[in-house]
Amino acid sequence: MSYRVNSEFKSDLKKFGIAEQWNECFHCGNCTAVCPLTENGFLFPRQGIRVMQMGLKEKLATYVDPWLCYYCGECSETCPREANPAELMMTLRRYLTSVYDWTGLSKKIYTSKWWEFGSIIIIALLIIVGFLIYLPLKSGADAMVNQSGSVMINSLVEGISAGQFVRIIEIGDWTMAIIVAALLISNILNMFYKVILSDNAVKVPFGTYFTEFWRLIYNFATQAKFSKCDDRNYWVGHLLLMTGYSIMFALVVIALPLFQIEEIVPWYNWQRLLGYYATFGILFFLIQVTIGRIKKQDTKLKFSHPSDWLFIIMLALTTITGILVHIFRLNGMVEATYYLYIAHLAVLVPMIVIEVPFSKWSHLAYRPFAVYFSRLKKAAVKKIEYQRELAPAI
Amino acid sequence: MKEPKIGVYICWCGTNISHMVDVKAITEEIGDMPNIKVSRNYKYMCSDPGQDLIISDIKKHKLNRIVVAACSPRIHELTFRKAIENAGLNPYLFEMANIREQVSWVHTDIEAATEKAKSLVIAAISKVTHHEELERRTVDINPATLIIGGGITGMTAALDIAESGFKVYLIERDNKLGGVVSKVDLTFPYMSSAQQLIKSLINKVSNNKNIEVFFNTKIKEINGYVGNFETKLKLQKKARELKFGNMILATGLKPTDPESIHEIGYGRLPDVVTALEFEQMLIKGNIKTKAGKEPNNILIVHCVGSRNEKYNPYCSRTCCMTALKYSNQIRSALPKTSIYHAYSDMRAFGKGCEEFYSQTGRKNAVFLMYDQKNDIPTLRRAGKNDRCNIIAHMYEKLSGEDIEIPADIVILMISMEAHENVKQVAHAAGVSICSNGFFMEKHPKLDPIATTTDGVYIAGTCQSPKDIPDSVSQARAAAARILTSISVGKVEIELTTAVVNEDICGACHTCINVCPYSAISFDEEKKVSVVNEVICKGCGTCSSACPTGAISARHFTDKQILSQIEGLLAVSNKLSEKLEMEEV
């Protein structure tokens with residue numbers, strides 16, 4: 001099968017990236033040679049640049065390699081033509097996210113600021129308006145402070161009990177989680193179809209799906225592949241973020257009735273310890289990348305797409321509002337706690353609903369699956385080579 | 001013949017020779033031989049003190065034969081001849097033995113190398129014993145010049161010579177001047193107009209009184225030699241005889257016949273055009289398919305007929321940059337059209353060309369590399385759903401993918417070949433043709449303008465594929481060479497030529513048929529062969545072919561060569577015996 005070239009593809013791709021020097025590449029292969037992650041069969045980033053230059057769209061859809069790159073930036077630093085291969089891999093990841101997303105929203109959000117900010121603002125407004133109309137602040141809420149002087153957060157709303165309030169929030173959480181999961185899973189199935197099933201050159205042996213499955217879990221939990229990049233500071237920051245965020249997500253979705261309780265328990269209780277760890281992990285990462293993106297000295301943080309900044313801003317706002325809710329509660333500031341709680345949800349919900357299935361955060365699913373799929377492909381190729389070896393010489 | 005008094009000089013060449021050849025032993029051994037009056041060795045024979053040594057010995061010992069054993073005669077034969085002449089001796093009473101390139105540089109065994117060097121020296125001594133005095137001669141130069149080819153090269157050279165006040169006959173086989181450049185729209189890399197360039201040249205040539213242009217004319221035969229050539233032109237009304245002292249061949253190029261490359265579909269698919277056909281579209285400002293539509297996709301196929309063993313093994317040098325020029329012109333004329341280049345290597349060596357390549361690369365053209373060795377892109381008619389006229393298939397080398405390229409117009413960057421008249425002109429002018437069909441230069445590096453025939457110069461694409469600056473440089477260089485020879489007015493002719501002993505010539509014409517330079521003619525009155533000493537290069541082909549021994553090469557007579565061989569064998573017989581012993 002031969003792929004059709006397309007000279008227009010480059011301009012389509014421009015909106016997904018910041019740097020555009022990829023045409024400078026003359027395929028010396030320095031980037032591939034210097035990359036600590038490249039291996040036989042996955043010769044990125046040079047091959048990716050070539051496929052992009054030629055505009056082989058169908059080939060790109062089957063191309064899993066950009067997800068195997070963790071953007072250490074060494075290729076861009078080594079490139080004698082300053083073609084910026086690392087930023088291309090980043091751009092291809094954004095592009096591929098839009099390819100896997102069957103709703104088409106991802107492409108709109110990545111390529112149009114109106115869609116990007118508009119969708120977030122609309123969801124935020126819905127939350128705020130919905131809260132103020134249906135869950136208004138109770139009159140006489142000033143009294144909702146317990147003996148230790150902290151705000152009883154579940155008892156601030158007019159007309160419903162604390163138990164009912166937690167239930168409403170919990171139902172909302174689960175609804176959101178299920179919608180996001182459904183979108184992500186369908187996108188991953190789409191990715192699986194494109195990467196594995198539609199690539200005629202690859203026939204994966206059935207057993208391999210099971211024997212390689214452990215990689216998916218292992219890479220999600222440890223990001224072992226990321227750790228092979230030469231600069232491990234960034235991996236540490238990212239691991240803190242990933243574990244912190246996962247813990248926080250589990251606390252507010254699965255364990256909400258145990259986490260969001262009326263009493264403020266002593267600091268050594270598990271809820272607070274986990275909460276503090278998560279906050280620390282997220283803050284650490286946020287500070288690390290914000291400084292990096294402003295300084296623009298580190299190659300991997302030099303080029304910031306609007307979606308990169310939006311991600312940082314949303315996460316920072318969520319964290320800051322979360323911390324403020326906690327502080328106001330501790331100090332018995334009832335009204336401030338109520339409004340900050342709304343603000344917290346008004347940032348958190350659009351962040352998860354938009355970022356996770358359609359934008360930057362989708363990589364939490366695509367990356368480990370890409371490692372899994374790449375192993376499947378490699379096993380298939382090995383089997384073909386093995387059969388070739390067995391075939392009688394003609 | 002006077003009794004030979006021979007001086008032998010062995011050069012050390014610093015350590016170049018002396019590290020491998022025992023020069024002192026040879027000097028001593030040679031000194032004992034008969035007729036040797038002086039035998040010396042010296043660090044650098046070619047240096048002034050070295051030459052002075054020879055001169056003072058000639059005067060002191062009344063030497064009448066000199067042998068120098070040193071480097072190749074190509075390097076220093078003339079140096080020593082001049083020294084000997086300064087000492088009052090005829091320069092031809094000299095022989096050189098090459099014991100550097102042929103001995104010290106190529107051997108590793110000192111003893112064997114010394115033996116070999118000795119045998120070469122003795123061979124030279126044996127030969128020089130039979131050398132005769134030869135007298136130098138000069139001929140006058142006719143200041144008129146003949147230039148064949150009225151393209152940019154021929155016209156530039158013609159103007160340089162004519163503007164110095166000398167007559168130029170400019171021969172053009174077509175009915176107008178301008179050549180291939182007149183069929184081109186813009187030039188690379190600065191995108192200046194080729195039309196303006198060539199039109200102003202044509203104007204200057206037409207208005208120059210010293211230039212006489214002959215249209216629709218071909219050269220059949222040229223007689224004579226440097227300084228005094230002549231040719232007869234058959235014009236429409238009357239015959240015309242031209243006399244001239246020098247000539248420049250500027251016959252130009254011919255594009256390869258694209259139909260000979262069948263994968264590429266020229267003639268089979270309507271919208272496959274050659275570069276020159278596309279230039280016509282550009283000149284008219286009308287880039288359209290045969291059906292009259294604006295093309296959405298244009299594919300430019302590079303190296304069609306070049307760098308391919310099946311067609312022409314060489315690079316045509318201008319096509320890469322011409323293709324980039326098209327890329328730029330298409331981009332400005334049709335901003336939305338996709339441009340694809342199927343290339344096999346990009347060569348941007350000229351001034352401003354690499355910059356031109358980088359700039360063009362940024363103007364949204366896709367460069368696709370094919371493997372010239374086994375896969376020229378193949379073209380087929382597109383299907384209904386392809387939304388284009390032609391589909392090209394190729395293996396893209398850098399990505400390792402089989403790809404298809406949509407195209408509405410395909411431009412073939414056809415290779416440059418020497419013009420088909422080259423053989424005829426080469427025969428008439430007495431110059432050689434290289435394996436690729438172009439005129440052969442005298443020396444590929446040191447003298448790419450001259451040919452082995454004195455007074456005949458080559459310039460432009462008849463020598464090898466070239467762009468305009470290179471062709472014009474060669475044209476002006478050739479003109480400068482000719483103006484030099486006109487200003488000297490006389491030319492010295494080589495004396496090592498063939499000579500006929502009329503008494504024993506059998507009039508068999510053998511020598512006339514074998515002479516590669518057409519230097520021998522037949523005297524119908526005397527019924528003997530006559531050698532034109534100006535044209536003869538002294539190659540000796542005639543003297544070895546002559547059945548009666550009537551014709552011999554001066555300075556390389558049978559006697560001289562046989563004695564040289566005897567001298568060589570005297571030592572080498574001993575040497576081979578010794579080598580056989582070692583092998584046993």
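# Close-up views of chains A and B

**Figure 1. Strand β1 of chain A pairs with β20 of chain B.** In this predicted model, strand β1 (residues 3–4) of chain A and β20(B) run parallel and are joined by two bridges. Y3(A) has I403(B) of β20(B) as its bridge partner. Strands of a sheet pair through backbone hydrogen bonds, either parallel or antiparallel.

**Figure 2. An open sheet of four strands takes in both chains.** The strand order is β1(A)-β20(B)-β19(B)-β18(B), and the pairing is mixed. β1 of chain A and β18 (378–381) of chain B each have a single partner strand and stand at the edges, so one side of each is left without a neighbour in the sheet. On the chain B side, β18(B) and β19(B) run antiparallel and are joined by four bridges. One residue of β18(B) to locate in this view is R380(B), whose bridge partner in β19(B) is I391(B).

**Figure 3. The contact between chain A and chain B draws on several strands of chain B.** Chain B contributes 18 residues to the contact and chain A contributes 17 residues. On the side of chain B that touches chain A, at least two residues each come from β16 (338–343), β17 (365–369), β19 (390–396) and β20 (401–407). β20(B) gives the largest share of that side, with six residues. The side of chain B that touches chain A comprises eight nonpolar, five polar and five charged residues. β20(B) is also the strand to which β1 of chain A is joined in the parallel sense.

**Figure 4. Strand β21 of chain B is largely enclosed by the rest of the structure.** Strand β21 (residues 409–414) of chain B has six of its six residues buried, so the rest of the structure largely encloses this strand. The side chains are divided between two directions: I409(B), I411(B) and M413(B) point one way from β21(B), whereas V410(B), L412(B) and I414(B) point the other way, and all are buried.

**Figure 5. β14 and β15 of chain B both pair with β21 of chain B.** Strand β14 (residues 272–274) of chain B pairs with β21(B) in the parallel sense, over three bridges. In this pairing V272(B) stands opposite V410(B) of β21(B). Strand β15 (residues 297–304) of chain B also runs parallel to β21(B), and five bridges join the two. V301(B) has L412(B) of β21(B) as its bridge partner. Both V410(B) and L412(B) are buried, and they point the same way from β21(B).

**Figure 6. Helix α3 of chain A is mostly covered.** Nine of the nine residues of helix α3 (residues 46–54) of chain A are buried. The buried residues of α3(A) are R46(A), Q47(A), G48(A), I49(A), R50(A), V51(A), M52(A), Q53(A) and M54(A). Just after α3(A) comes G55(A), which takes a positive phi of about 70°. An α-helix has 3.6 residues a turn, so residues three or four places apart point the same way.

**Figure 7. Two domains of chain A meet through helices α5 and α6 among other residues.** Chain A is divided into domain 1 (9–100) and domain 2 (105–379). The centres of these two domains, taken over C-alpha atoms, are separated by 28 Å. Domain 1 of chain A gives 28 residues to the contact and domain 2 of chain A gives 33 residues. On the side of domain 1 of chain A that touches domain 2 of chain A, the elements giving two or more residues are α5 (74–78) and α6 (85–100) of chain A. The largest share of this side, seven residues, belongs to α6(A). By class, this side of domain 1 of chain A has 15 nonpolar, seven polar and six charged residues.

Figure 8. Chain A has 17 helices and one strand, and 36% of its 394 residues count as buried. Its C-alpha atoms fill a box of roughly 90 × 45 × 35 Å along the principal axes. Of the contacts in chain A with a separation of 6 or more, 75% are accounted for by residues 24 or more positions apart.

Terms used
Residues are numbered from 1 along each chain as its sequence is written. Chains are lettered from A and ligands numbered from 1 in the order in which they are written. This is a predicted model: local features need pLDDT of at least 70, side-chain atom pairs count only at pLDDT 80 or more; totals for chains, interfaces and linings use all residues. Domain bounds come from an automatic or database domain assignment. Two residues are in contact if their C-beta atoms, placed from the backbone, lie within 7 Å. Ala, Val, Leu, Ile, Met, Phe, Trp, Tyr, Cys and Pro count as nonpolar, Asp, Glu, Lys and Arg as charged, and the others, Gly among them, as polar. Two strands pair if DSSP finds at least two bridges between them. A residue is buried if 20 or more other C-beta atoms lie within 10 Å of its own, exposed if 12 or fewer, and partly exposed in between; C-beta atoms are placed from the backbone.
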